[in-house]
Amino acid sequence: DSCLFLDTHGFLVVKNFSDAQEVQNLKDQMAHLANFDWDPRSSLDSFGTDSKSNTQRGDYFLDSSNKVHYFAEPTALEISEDGQQTLKKEFGNDKMAALNKAGHGMHTIPGGFRDYTLSQ
């Protein structure tokens, strides 16, 4: 049943796979990373799933396997007066709302993601 559901819908819900404290630790660490580690002025890329986005992925995406790289929602970006891509002002105090994904090396730094990845 589970395999058929996964094949049909592309996702599977596994109840009680993680406990509430593990999930909270992951959320807390992600919020901390987005708010204090992600500097959109120095590294800003978006993550879309359309075919154009997939063919335009560059080194920033490819080099994220062993470090944390951040990808904004395409709709959270605008071009500034000096021609640079930047976060829209409305996301200045809420970078989590602008974040599409962070990847892929969150397990390489101490905290909830490493603890979860290495748990048995």
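These legends describe an overview and close-up views of one predicted protein model.

The model is predicted, so local features need pLDDT of at least 70 and side-chain atom pairs count only at pLDDT 80 or more, while totals for chains, interfaces and linings use all residues. Residues are numbered from 1 along each chain as its sequence is written, and side-chain values use heavy atoms, with hydrogens and water left out.

**Overview. The protein chain holds 6 helices and 4 strands.** Helices (H or I, at least four residues) and strands (E, at least two) are DSSP runs, numbered from the N terminus. Starting at the N terminus, the order of elements is α-α-α-α-β-β-β-α-β-α. The protein chain has 120 residues, and 25% of them are buried. Buried means under 20% relative accessible area, exposed over 50%, and partly exposed in between (1.4 Å probe, protein chains only). The protein chain exposes about 8600 Å², with 50% of it supplied by carbon and sulfur atoms. Accessible areas come from the Shrake-Rupley method with a 1.4 Å probe; for residues, only the protein chains shown count as cover. Contact means heavy atoms within 4.5 Å. Of the contacts between residues at least 6 apart in sequence, 67% join residues at least 24 apart.

**View 1. Glutamine 29 sits in helix H2.** Helix H2 spans residues 20-37. Glutamine 29 is buried, at a relative accessible area of 10%. Neighbours within four places in sequence aside, glutamine 29 contacts Ile109, Pro110, Gly111, Gly112 and Phe113.

**View 2. Phenylalanine 5 and phenylalanine 11 form an edge-to-face pair.** The whole structure contains 2 aromatic pairs. Rings of Phe, Tyr and Trp (its six-membered ring) pair if their centres lie within 6.5 Å; planes under 30 degrees apart count as stacked, over 60 as edge-to-face and the rest as tilted. Here the rings of phenylalanine 5 and phenylalanine 11 lie 5.4 Å centre to centre, with 90° between the planes. Phenylalanine 5 is partly exposed, at 35% relative accessibility. Phenylalanine 11 is also partly exposed, with a relative accessible area of 44%.

**View 3. Tryptophan 38 and tyrosine 70 form a stacked pair.** The pair counts as stacked because the ring centres are 5.7 Å apart and the planes stand at 20°. Tryptophan 38 lies in the loop between H2 and helix H3 (51-55), and tyrosine 70 in strand S1 (residues 68-72), so the pair ties together parts that are 32 residues apart in sequence. Tryptophan 38 is buried, at 1% relative accessibility. Tyrosine 70 is buried too, at 3%.
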